[in-house]
Amino acid sequence: MAQENGKNSNIELIKGDYKIAIRKLAWPMMVSMFLIMAYNLADSIWVAGLGSDALAAIGFISPLFMILIGLGNGVGAGANSLIARFIGAENTSEANNTALHSLLLTIIISILGSIAMYFLLPAVLNIMGAGSATQASLDYGGIVFSFMIIFIYSNVGTAILRSEGDVKRAMYVMAITAIFNIILDPVFIYVLNMGIKGAAWATVLSGFLSCIVLLYWMHIKKDTYLDLSIKNFKYENSITFGILNVAIPSTAENLIFSILGIIENYFLVLVSGTAAVAVYTAGMRLIQLSMIPLMGFGTALLTVVGAAYGARNYRKLKNAYNYTLKLGLLVSTVMAVIFFFFAPQISQVFAYSSSAALAPRIASLIQIMIIFIYAVCLGMVSAMMFQGVGKGFTSLFLTFIRALLLEVVFSYLFGVMFGWGEIGIYYGVVAGGFIGGLISFIWANIYMNRLLNYE
């Protein structure tokens, strides 16, 4: 009975006061994202000791890895949105069926993704201009891409938990991945002398452990609100399309960010060589730490908005959006101040071994790019609102304008055409992001005002 009450309290949370729901749903996600960012940062820190080519390899593989991880995030976002809307509409059977559909999609996407990357990776790295970092990139990428099902299942499974308000256990799963990866990295890289391959195997093994926990909770112990028994599965095109209506645009958004990373890496190689890619890789992983609160707020908003939309409570939907945006801007200001003034100290995490010379350049990047956090706030909160109501393609269009159009154009203008080098590329990303973020904010408010007219 206690477990049943826990399940119901999670559902009451996402259907209740939006302020309480966003705060309670956001903080476990923040902790989860902090741990995930920490283990990504740990990868960079430990790999930096192997030299700039090894660190650059992480930079070349990361955008490609995020494309396939984005497939998992996309299916997870689609399932989260649709499940939350069914819960809001009090249709539990279809919520169960949606979760099972998302797991079927996980298996299909994982198999196809691993096969595709096995054949395409060498050619893609050549196009990206990996150069002297090619072999290290192949060593790292060949391993992680072979086990894509681990990472995609983990993302979809935690999204299912979040959709029913069970954010704490979603946090525990991500914590397992992060903590074990941080512990295993130095062991595999240096103690076992496996080099960059060791970093890849540490990532795979830590992800595998989290999947074991998810499998136990959802399929063996079966103590989730949603019932994932196979008897509840009945294939429906409407559910598949409902998931894909958010999943495809969400995945495409991750693809856009990955393509953006590839393009920025290309520009950086063009103006400053592969060392600039290493700087950008390390610096942006530090910047991403400052964005963790925004990711937490945005993910919480997606679930709350989905439930409000399913219940046709559009006033609550808009109030939740505005509240999340205010929280995001407040936290962004705090993070911007901390990272700007302490950039030299923060960059020192890379100041050892052959990567020590990169630290001053990483500090300069941080002081410029931290301003970008405000643009991220406007864009991310708006994107999560659109995904929550099932308008994934609107979110995709806005992301395309911001990232692949404005950020790329301004980066090329400032960095290449005006000859400002890598610093110009950073300013270009900031300028394009700000303009795109404002467009997203305006578009979101127009849409929500139209919804209010239907109440």
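This is a predicted model: local features need pLDDT of at least 70, side-chain atom pairs count only at pLDDT 80 or more; totals for chains, interfaces and linings use all residues.
Is K231 buried or exposed? With a relative accessible area of 61%, K231 is exposed; here buried means under 20% relative accessible area, exposed over 50%, and partly exposed in between, with a 1.4 Å probe and protein chains only. Residues are numbered from 1 along each chain as its sequence is written, and side-chain values use heavy atoms, with hydrogens and water left out.

K231 also has a charged partner. Its side chain forms a salt bridge with D227, the closest N and O atoms being 3.4 Å apart. A salt bridge here is a side-chain nitrogen of Lys or Arg within 4 Å of a carboxyl oxygen of Asp or Glu. In general, side chains of opposite charge can pair when their charged atoms come close. D227 is partly exposed, at a relative accessible area of 28%.

Six salt bridges turn up in the structure. One of them joins E90 to K15, again with 3.4 Å between the closest N and O atoms. E90 sits in the loop between α3 (52-88) and α4 (92-128), while K15 belongs to helix α1 (residues 2-15), so the pair ties together parts that are 75 residues apart in sequence. Helices are DSSP runs (H or I, at least four residues), as strands are (E, at least two), and they are numbered from the N terminus. On the accessibility side, E90 is exposed at 64%, and K15 is partly exposed at 35%.

Another salt bridge brings together the side chains of D223 and K221, at 3.4 Å from N to O. D223 counts as buried, with 8% relative accessibility, whereas K221 is partly exposed, with 47%.

K19, R23, K24, K168 and K326 form a positive surface patch. Patches are made of residues with over 30% relative accessible area and no salt bridge, with like charges joined within 9 Å and nonpolar side chains (Val, Leu, Ile, Met, Phe, Trp, Tyr) joined within 5 Å. For the charges, Lys and Arg count as positive and Asp and Glu as negative, with His and the chain ends not counted; the place of a charge is taken as NZ of Lys, CZ of Arg, CG of Asp or CD of Glu. Helix α2 (residues 18-48) gives the most to this positive patch, with three residues. K326 comes from helix α12 (residues 314-341) and is exposed, with a relative accessible area of 62%.

There is a nonpolar patch too. I107, I111, I115, Y118, F119, L120 and I149 make it up, with about 760 Å² of accessible area together; accessible areas come from the Shrake-Rupley method with a 1.4 Å probe, and for residues only the protein chains shown count as cover. Helix α4 gives the most here, with six residues. I149 is found in helix α6 (residues 148-163) and counts as partly exposed, at 42% relative accessibility.

Another isoleucine, I182, is found in helix α7 (residues 167-191). I182 is partly exposed, with 32% relative accessibility. Its C-alpha lies 7.7 Å from that of D43, although I182 and D43 are 139 residues apart in sequence.

As for cysteines, the structure holds zero disulfides, a disulfide being a pair of cysteine sulfur atoms within 2.5 Å. C211 is buried, with a relative accessible area of 7%, and C377 is buried as well, at 0%.

Finally, the backbone. Most residues other than glycine have a negative phi, and most peptide bonds are trans. N193 has a positive phi of about 55° although it is not a glycine. N193 lies in the loop between α7 and α8 (195-221) and is exposed, at 65% relative accessible area. R312 is another non-glycine residue with a positive phi, near 60°. This arginine is found in the loop between α11 (292-310) and α12, and at 62% relative accessibility R312 counts as exposed.
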